[in-house]
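Dear colleague,

Please find below the sequence and structure that I am handing over to you. My findings follow directly after it.

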Amino acid sequence: MTLYMAVTADKYELPMVVEESAEMFAQKLGRSKEGIFQEISRNKSGKGICTGTVRGYRITKVSVQ
């Protein structure tokens, strides 16, 4: 199972929004699904890492078994 999470942009990384569906996750954040995937990809590759200081949250993708 894959979870999409928006966590606080501090050292605690507390979950703010958690969804199993990328569509529902994007809808709750008021963003496009493609934008969510782009940010996850950039964070994973190390290019253009979003620290979350502008929005106050960071986006992560977690695989749970």
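The largest nonpolar core of this predicted model comprises 11 residues: Tyr4, Ala6, Val17, Ala22, Phe25, Ala26, Leu29, Ile36, Ile40, Tyr57 and Ile59. At least two core residues come from each of strand E1 (2-8), helix H1 (22-29), helix H2 (33-45) and strand E3 (57-63). H1 provides the largest share, with 4 residues.

Beyond its neighbours within four places in sequence, Tyr57 is in contact with Ala6, Val7, Thr8, Ala9, Met16, Leu29, Arg31 and Gly52.

Turning to the sheet, its 3 strands are arranged in the order E2-E1-E3, and the sheet is open, with antiparallel pairing. Because E2 and E3 stand at the edges with a single partner strand each, one side of each has no neighbour in the sheet. From one strand to the next, the twist averages 20 degrees. E1 is joined to E3 by 7 bridges, and within that pairing Ala6 has Ile59 of E3 as its bridge partner. Between E1 and E2 there are 4 bridges, and these strands also run antiparallel; here Val7 is the bridge partner of Pro15 in E2.

E1 and E2 form a hairpin, with 6 residues between the two strands. Glu13 lies in this loop. I would draw your attention to its backbone: phi of Glu13 is near 50 degrees, a positive value in a residue other than glycine. Glu13 counts as partly exposed, since its relative accessibility is 38%.

Thr8 belongs to strand E1. With a relative accessibility of 17%, Thr8 falls under the 20% limit and therefore counts as buried. The side chain of Thr8 makes a polar contact of 2.8 Å with the side chain of Asp10. Setting aside residues up to four places away in sequence, Thr8 touches Glu13, Leu14, Met16, Gly56 and Tyr57.

As to the helices, H1 packs on the sheet and touches E1, E2 and E3, while its direction makes about 145 degrees with that of E2. The buried residues of H1 are Ala22, Phe25, Ala26 and Leu29. Viewed down the axis of H1, these buried residues fall within an arc of 95 degrees, so they line one face of the helix. The spacing accords with a general rule: an α-helix has 3.6 residues a turn, so residues three or four places apart point the same way. The buried residues of H1 pack against E1, strand E2 (15-19), H2 and E3. On the face of H1 turned away from the buried side are the exposed residues Gln27 and Lys28. Gly30 follows H1 and has a positive phi, near 70 degrees.

H2 lies across E1 and E3, and runs at about 80 degrees to E3. Lys44 is located in H2. Is Lys44 buried or exposed? Lys44 is exposed, because its relative accessible area of 76% is over the 50% limit. Although 17 residues separate Lys44 from Lys61 in sequence, their C-alpha atoms are 9.6 Å apart in space.

Yours sincerely

How values were computed: Residues are numbered from 1 along each chain as its sequence is written. Side-chain values use heavy atoms; hydrogens and water are left out. A nonpolar core is a set of buried Ala, Val, Leu, Ile, Met, Phe, Trp, Tyr and Cys residues joined through side-chain atoms within 4.5 Å. Buried means under 20% relative accessible area, exposed over 50%, partly exposed in between (1.4 Å probe, protein chains only). Contact means heavy atoms within 4.5 Å. The arc is that of the directions from the helix axis to the C-beta atoms. Two strands pair if DSSP finds at least two bridges between them. A polar contact is a pair of N or O atoms within 3.5 Å; within protein, one must be able to donate a hydrogen and the other to accept it, and residues adjacent in sequence count only if both atoms are side-chain atoms. Axes are lines fitted to C-alpha atoms, for helices over the stretch in contact, and angles run from 0 to 180 degrees between N-to-C directions.
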